[in-house]
Amino acid sequence: MQSNPSGPAAEIQAPEKMLDPPTSGLGNYAFPRSRLRQFMLDPTKTPLLLVACGSFSPITYLHLRMFEMAADYAKYNSDFEVIGGYLSPVSDAYRKAGLASADHRIAMTRIATEQSSRWLDVDPWEAVQKQYQPTAIVLDHFEHEINVVQRGVATRDGERKPVRIVLLAGADLIQTMSTPGVWSQEDLNHILGKYGVFIVERTGTDIDDALATLTQWRNNIWVIQQLIQNDVSSTKIRLFLKREMSVRYLVPAPVITYIEEHGLYEDDGRSSSIYEKDKESTSMGRNDAEPSTSI
C-alpha cells in the first residue's frame with residue numbers, strides 16, 4: 001500500500017534464513033541473466049527485481065502488462081529502480097486442470113518475452129522441478145541467484161547494492177492470503193515479511209477488505225491501480241480456444257502460432273461456458289496449501 005523504499009542492508013550478505021531449495025530436475029539449468037540491468041542509473045534508489053509465479057497456460061498480454069504497470073508504479077510512486085523482471089512457470093507437479101506441459105509453457109513464455117520486451121525474462125528453474133515448489137522457495141531461489149551468486153547489482157561508482165526481490169501478483173492472490181487456512185502463517189511471514197508483493201487491482205476484488213487482515217505486513221504490500229481495466233485470463237483463453245474462437249490481440253501472435261502448431265488446448269470444451277465465473281487469477285499466484293487447486 002505504501003511506497004516503502006527500505007531494502008536489505010547496503011553490504012551484500014547471505015540471507016540469515018532461507019528455505020532449502022531442491023536440486024532435482026536441474027539438468028543443464030543456468031540462471032538467465034542476459035536481460036538483467038548491469039548498472040543502476042540512480043545509486044540513491046533501491047534496486048528492485050519483480051518475480052511473477054504462475055501457470056501461464058497460456059501466457060496472455062495481461063501477464064506482460066502487469067510488469068509494465070509495476071515498473072511505472074515503481075518509477076513514479078516509490079524509491080525503487082527496476083533492474084529486471086522474471087516469469088517463473090509452475091512445474092508439472094502442480095497438477096492443475098488445463099495445465100500444458102512445462103516444456104510448452106516455458107517455450108510460450110520465452111516467445112512472448114523475447115518478441116515483446118527488452119527487459120523481461122523467463123526463469124525455468126521452478127518449471128523443471130519434479131516436485132511442486134511453494135512460492136516462498138521460489139523467491140528464495142531468486143534471492144540466492146541475485147544477491148548471493150551475483151552479489152547484487154553494480155552502481156556507476158563501482159559499489160554493489162543488494163537487490164530487493166518482490167513478488168508481482170494480481171488482487172486475487174492477496175485475497176487468498178487474507179483467507180484463513182489457505183496459506184500457512186510461516187509462508188505468509190516469509191513472502192510478505194521477507195520479500196513483499198506488488199499487487200495489481202482486479203475488477204471484483206475488494207483490496208481494502210483483503211488487506212484488513214494483513215496489517216502486520218502492510219509496509220511490504222504495494223497496491224497498483226489498473227487505470228485501463230483488463231480482465232483477460234488464461235482460463236478464458238483456453239475456453240475460447242476449445243470453442244475455436246479467436247484469441248487474437250489477447251495473446252501474443254507468436255504464442256498463438258505456437259499453440260496452433262502444437263495442438264494445445266484443443267480438447268472438447270462444450271460443457272464449459274466462456275461466460276461462467278473465472279476461477280483462475282490473472283495474479284499469477286498459487287494456493288501453496290493445495291497445489292492441485294486453481295487460483
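Start by selecting strands β6 (164-170) and β7 (197-200): these two run parallel and are joined by four bridges. To see one of those links, pick A169, whose bridge partner in β7 is I199. Keep in mind as you click around that this is a predicted model.

Now stay with β6 and look to its other pairing. Select strand β1 (residues 46-54), which pairs with β6 in the parallel sense, again over four bridges.

Next, show the side chains of β6. R164, V166, L168 and G170 point one way from the strand, while I165, L167 and A169 point the other way. Are these residues buried or exposed? On both faces, they are buried. Seven of the seven residues of β6 fall in that class, so the strand is largely enclosed by the rest of the structure.

From here, move to helix α5 (residues 185-195). Color D187, L188, H190, I191, L192 and Y195, which are the buried residues of this helix. Why do they sit on the same side of α5? They cover an arc of only 165° around the axis, which puts them there together. To find what they pack against, display α3, β6, α4 (171-177), β7 and β8 (221-224).

Before leaving α5, step past its end to G196, which follows the helix. The phi of G196 is positive, near 100°.

Now bring in helix α3 (residues 135-149) and view it together with α5. Two packed helices are described by the angle between their axes and the distance between the axes. For α3 and α5, the angle is about 35° and the axes lie 9 Å apart. The crossing of α3 past α5 is left-handed.

Which residues meet where α3 and α5 touch? On the α3 side, select T135, A136, L139, D140 and E143. On the α5 side, select D187, H190, I191, K194 and Y195. Color this contact by class and you will find four nonpolar, two polar and four charged residues.

Finally, zoom out to the whole chain. How many helices and strands does the chain have? There are eight helices and eight strands. Of its 295 residues, 55% count as buried. Among contacts in the chain with a separation of 6 or more, 81% are between residues 24 or more positions apart.

Notes: Residues are numbered from 1 along each chain as its sequence is written. This is a predicted model: local features need pLDDT of at least 70, side-chain atom pairs count only at pLDDT 80 or more; totals for chains, interfaces and linings use all residues. Side-chain values use heavy atoms; hydrogens and water are left out. Axes are lines fitted to C-alpha atoms, for helices over the stretch in contact, and angles run from 0 to 180 degrees between N-to-C directions. A crossing is left-handed if the near helix is turned anticlockwise from the far one by less than a right angle, and right-handed if clockwise. Contact means heavy atoms within 4.5 Å. Ala, Val, Leu, Ile, Met, Phe, Trp, Tyr, Cys and Pro count as nonpolar, Asp, Glu, Lys and Arg as charged, and the others, Gly among them, as polar. Buried means under 20% relative accessible area, exposed over 50%, partly exposed in between (1.4 Å probe, protein chains only). The arc is that of the directions from the helix axis to the C-beta atoms. Two strands pair if DSSP finds at least two bridges between them.
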